[in-house]
Amino acid sequence: MSTRIGYAAGAFDLFHVGHLNILKHAKDRCDHLIAGVVSDELLELRKGRAPIVPLAERLEIVRHIDFVDEVHAEVLEDKLDTWRELRFTQFFKGDDWRGTEAGLRLEREFTAVGVEVVYFPYTVHTSSTALRQALDALTPRDSIAIGDRIE
């Protein structure tokens, strides 16, 4: 039997239990799990905003999750280019992508190269967006520069 190499990509900004669940479930489905941490630049391009936690710190956090075997800084916009570099056999994503235009495109592209797309339940009660909104409500952003220490 060949080694199942899984790839689970995400921003992993404001790391929470939903992120942990995706990585845990992904590891249960593969022999070697690569966690792709999306670069600051790609996040700005895709979501129109910078992450709260910088890439180097997000990489360090994810690197220390017991069931993550390898961490990869995702700097390429096209997931197929990332596949060409890493040669994973399974691609893991939250099921909020299932049936979307982007999700269907990924499924078509990955099926063509023999990669299985596996969806996991999205953790509805916890999301980085909700955490970001809560932080925005609590903290006047113009008075704190990103990276400043809050005490």
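Predicted model: local features only at pLDDT ≥ 70, side-chain atom pairs only at ≥ 80, totals over all residues.
Biologist: Where does Gln90 lie?
Modeller: Gln90 lies in strand β4 (DSSP runs: strands are E, at least two residues; helices are H or I, at least four; both are numbered from the N terminus). Residues are numbered from 1 along each chain as its sequence is written, and side-chain values use heavy atoms, leaving out hydrogens and water.

Biologist: OK, is Gln90 buried or exposed?
Modeller: Gln90 is buried, with a relative accessible area of 5% (buried is under 20%, exposed over 50%, partly exposed in between, using a 1.4 Å probe and protein chains only).

Biologist: What does the side chain of Gln90 make a polar contact with?
Modeller: The side chain of Glu116, at 3.2 Å. (A polar contact pairs N or O atoms within 3.5 Å; within protein, one must be able to donate a hydrogen and the other to accept it, and residues adjacent in sequence count only if both atoms are side-chain atoms.)

Biologist: And what does Glu116 form a salt bridge with?
Modeller: With Arg29; their closest N and O atoms are 3.5 Å apart. (That term means a side-chain nitrogen of Lys or Arg within 4 Å of a carboxyl oxygen of Asp or Glu.) Glu116 sits in strand β5 and Arg29 in the loop between α1 and β2, so the pair ties together parts that are 87 residues apart in sequence.

Biologist: How many salt bridges does the structure hold?
Modeller: Eight. One of them joins Arg58 and Asp40, with the closest N and O atoms 2.5 Å apart. Arg58 is in helix α3 and Asp40 in helix α2, so that pair links parts 18 residues apart in sequence. Both Arg58 and Asp40 are buried.

Biologist: What about Glu74, which residue does its side chain meet in a salt bridge?
Modeller: Arg46, at 3.5 Å from N to O. Glu74 belongs to strand β3 and Arg46 to helix α2. Glu74 is buried at 0% relative accessibility, whereas Arg46 is partly exposed at 38%. Shared partners join Arg46, Glu74 and Lys79 into one network of salt bridges.

Biologist: New topic: which residues of helix α4 are buried?
Modeller: Lys79, Leu80, Thr82, Trp83 and Leu86.

Biologist: What comes just after α4?
Modeller: Arg87, which takes a positive phi of about 55°.
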